[in-house]
Amino acid sequence: MGNPLFAVQQHQAIRRSISRPLVALVAALLCTPLLAVEIDDNAKHNASSAPQATIPWLSGGIGDDARDEMRKAAASYNVLIVFSDRQGSYLADIPFTVTGRNGQEVVAGVSEGPLLYIKLPAGTYKVSVKIDGAWQNRQIQAGPAGRPVRVNFVGKGE
């Protein structure tokens with residue numbers, strides 16, 4: 001019939017190998033709602049330049065509430081930049097720079113969401129953004145606030 005002590009040891013080893021992943025799975029499932037709430041709360045926030053910044057900007061728009069909040073503030077900005085992929089899904093965490101005609105950097109940062117509003121003095125600028133590891137550039141003409149020039153940057157990746 002076999003060694004009964006060996007059978008008991010096998011049974012205990014099987015129980016340990018099943019219970020450890022099961023405990024980890026239960027723990028992960030219990031923490032998931034908390035994580036989802038945290039992500040949802042963060043998605044409602046938009047980022048803006050420091051109050052003393054020479055060139056004010058506002059980025060975000062992750063979630064309906066955040067987009068609505070940004071649209072309310074849009075009237076005071078004269079540049080709107082939108083980031084998306086080829087399928088039309090919005091992109092976030094996009095590095096950007098804006099340079100003037102002389103090639104000097106005017107403002108730079110990271111857009112935390114798909115919408116980036118910038119308040120630039122009227123003039124010609126080059127906007128550069130890094131999407132999918134590659135920089136894309138557009139020449140823009142900033143005009144008065146209330147009528148933002150809209151620029152779309154689309155990722156080249158899949």
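Reply: Ser59 sits in strand β2, residues 57-60 (strands are DSSP E runs of at least two residues, helices H or I runs of at least four, numbered from the N terminus). The model is predicted: local features need pLDDT of at least 70, side-chain atom pairs count only at pLDDT 80 or more, and totals for chains, interfaces and linings use all residues. Residues are numbered from 1 along each chain as its sequence is written, and side-chain values use heavy atoms, with hydrogens and water left out.

Ser59 counts as buried because its relative accessibility is 0% (buried is under 20% relative accessible area, exposed over 50%, partly exposed in between; 1.4 Å probe, protein chains only). A polar atom of the Ser59 side chain lies 3.1 Å from the backbone nitrogen of Glu112.

Now the nonpolar side. The largest nonpolar core holds 21 residues (buried Ala, Val, Leu, Ile, Met, Phe, Trp, Tyr and Cys, joined through side-chain atoms within 4.5 Å). Ile81, Phe83, Ile118 and Leu120 have the most contacts inside this core. Two or more residues each come from β3 (79-84), β4 (94-99), β6 (115-118), β7 (123-131), β8 (134-142) and β9 (149-154). The largest share is from β7, with four residues.

Look at Ile118. Leaving aside neighbours within four places in sequence, Ile118 is in contact with residues including Ile55, Pro56, Trp57, Val79, Ile81, Phe96 and Val107 (heavy atoms within 4.5 Å). A second, separate core has eight residues, among them Met70, Leu80, Leu115 and Tyr117.

Next, the charged pairs. The whole structure contains two salt bridges (a Lys or Arg side-chain nitrogen within 4 Å of an Asp or Glu carboxyl oxygen). Asp64 and Arg67 form one, at 2.7 Å, N to O. Both lie in helix α2, residues 64-73, three residues apart, about one turn. Asp64 is exposed at 54%, whereas Arg67 counts as buried at 15%. Asp68 and Arg71 form a salt bridge at 3.8 Å, N to O. They are three residues apart in α2, so about one helical turn separates them. Asp68 is partly exposed at 39%, and Arg71 is partly exposed at 47%.

Last, the backbone. Most residues other than glycine have a negative phi. Asp93, in the loop between β3 and β4, has a positive phi near 60 degrees. Asp93 counts as exposed because its relative accessibility is 54%. Asp132, in the loop between β7 and β8, has a positive phi near 55 degrees. Asp132 is exposed, at 53%.

Terms used: A polar contact is a pair of N or O atoms within 3.5 Å; within protein, one must be able to donate a hydrogen and the other to accept it, and residues adjacent in sequence count only if both atoms are side-chain atoms.
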